[in-house]
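Please examine the sequence and the model shown here. The paragraphs that follow lead through the fold, its helices and the surroundings of the ligand.

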Amino acid sequence: MAAIHLARSELMSIALPVIKPSDAKAWADCKRRVWLDNKAKLTIFPSQDQFEQLIIDLGLEHENTVLDALSAKTTVKTASSAGDTQRLMAEKVPVIYQAELVDESRQITGKPDFLILHESGHYQAADAKLSLNDKKKEIQIQLGVYRELLANPLPAIVFLGNGEQALIGDESQSIATKFLTQMRVLLNEASEPAVRYSHSTCKICPYNSHCKPTFEAHDELSMLYGLPLHKRV
Ligand code: SF4
């Protein structure tokens with residue numbers, strides 16, 4: 001019988017589905033949304049919402065401002081892949097931009113905006129966030145998972161939208177663990193999870209046209225404004 005040789009990327013693709021900490025907001029908003037993001041083959045049209053686009057643009061601008069500030073102080077190199085990130089970390093480059101951290105055994109891939117070399121010789125993960133609140137669930141999860149991937153005791157850094165910095169340490173561990181545990185179960189599910197309609201969340205979701213007909217078919221009272229949570233469909 002002929003031997004079958006699979007490339008490493010092919011082996012990863014037939015292993016567990018990859019968990020991405022960048023899915024933390026979708027996971028916190030709606031379990032179906034994060035399942036659809038990862039498992040469905042739906043055609044999603046880019047948002048035409050001007051406010052949403054403004055937030056994206058401001059987020060990129062903020063990230064570039066942080067990048068410029070770090071570049072003015074020290075050497076910054078951009079990573080092109082997970083392997084390149086490992087190489088730059090081994091070289092002890094002071095700041096690695098667009099890093100990629102991978103835990104192959106648990107199939108987790110995290111992409112912190114920055115890895116910053118600490119005087120201890122370890123790296124700290126750092127993200128630029130427009131938010132002024134580092135206690136937001138998705139920020140705690142994302143930075144908490146980066147800390148797990150780096151496996152050192154240093155806190156992660158958030159460059160907040162008001163120019164201040166916040167540190168995220170062990171307090172993020174329980175929510176990050178809950179995210180990883182629930183995502184593993186969710187991504188193993190073959191069909192989209194039953195959820196409740198939430199007007200405030202669903203009206204701005206790109207999957208609205210996919211979900212709304214089913215909610216309407218079930219005659220959900222929650223389609224009315226002001227009634228956020230209703231029966232599962
Ligand atoms: S439309 Fe609503 S229920 Fe459907 S994925 Fe989006 S947030 Fe979830």
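How many helices and strands are there in the protein chain? The chain contains 9 helices and 8 strands, where helices (H or I, at least four residues) and strands (E, at least two) are DSSP runs numbered from the N terminus. The model is predicted: local features need pLDDT of at least 70, side-chain atom pairs count only at pLDDT 80 or more, and totals for chains, interfaces and linings use all residues. Residues are numbered from 1 along each chain as its sequence is written.

Two totals describe the chain as a whole. Of its 233 residues, 25% are buried; a residue is buried if 20 or more other C-beta atoms lie within 10 Å of its own, exposed if 12 or fewer, and partly exposed in between, with C-beta atoms placed from the backbone. Among contacts with a separation of 6 or more, 57% join residues 24 or more positions apart; two residues are in contact if their C-beta atoms, placed from the backbone, lie within 7 Å.

Because 11 of its 14 residues are buried, α6 is largely enclosed by the rest of the structure. Among the buried residues are Glu 138, Ile 139, Ile 141, Gln 142, Leu 143 and Tyr 146.

How is α6 placed relative to helix α7? The two pack at an angle of about 85°, and their axes are 8 Å apart; axes are lines fitted to C-alpha atoms, for helices over the stretch in contact, and angles run from 0 to 180 degrees between N-to-C directions. The helices α6 and α7 are therefore roughly perpendicular to each other, given that angles under 35 degrees count as roughly parallel, over 145 as roughly antiparallel, 65 to 115 as roughly perpendicular and the rest as oblique. On the α6 side, the contact is made by Lys 137, Gln 140, Ile 141, Gly 144, Val 145 and Glu 148, and on the α7 side by Gln 173, Ile 175, Ala 176, Phe 179 and Leu 180. These residues divide into 6 nonpolar, 3 polar and 2 charged; Ala, Val, Leu, Ile, Met, Phe, Trp, Tyr, Cys and Pro count as nonpolar, Asp, Glu, Lys and Arg as charged, and the others, Gly among them, as polar.

Leaving aside its neighbours within four places in sequence, Ala 24 is in contact with Glu 138, Ile 141, Gln 142 and Phe 179. Ala 24 is buried, with 24 other C-beta atoms within 10 Å.

The loop between α6 and β7 holds Ala 151. This residue has a positive phi of about 55° although it is not a glycine, and Ala 151 is exposed, with 9 other C-beta atoms within 10 Å. Gln 107, likewise not a glycine, also has a positive phi of about 55°. Gln 107 lies in the loop between β3 (101-103) and β4 (108-110) and is partly exposed, with 15 other C-beta atoms within 10 Å. Most residues other than glycine have a negative phi.

Which residues surround the ligand? The shell consists of Cys 30, Arg 32, Arg 33, Leu 36, Val 195, Thr 201, Cys 202, Cys 205, Tyr 207, Asn 208 and Cys 211; a residue is near a molecule if its C-beta atom, placed from the backbone, lies within 6 Å of it. At least two shell residues come from each of α3 (31-39), α8 (199-202) and α9 (208-217), and α3 gives the most, with 3 residues. By class, the shell has 7 nonpolar, 2 polar and 2 charged residues. Val 195, in the loop between α7 and α8, is 163 residues from Arg 32 in sequence and 6.6 Å from it in space, C-alpha to C-alpha. Val 195 counts as partly exposed, with 18 C-beta neighbours inside 10 Å.
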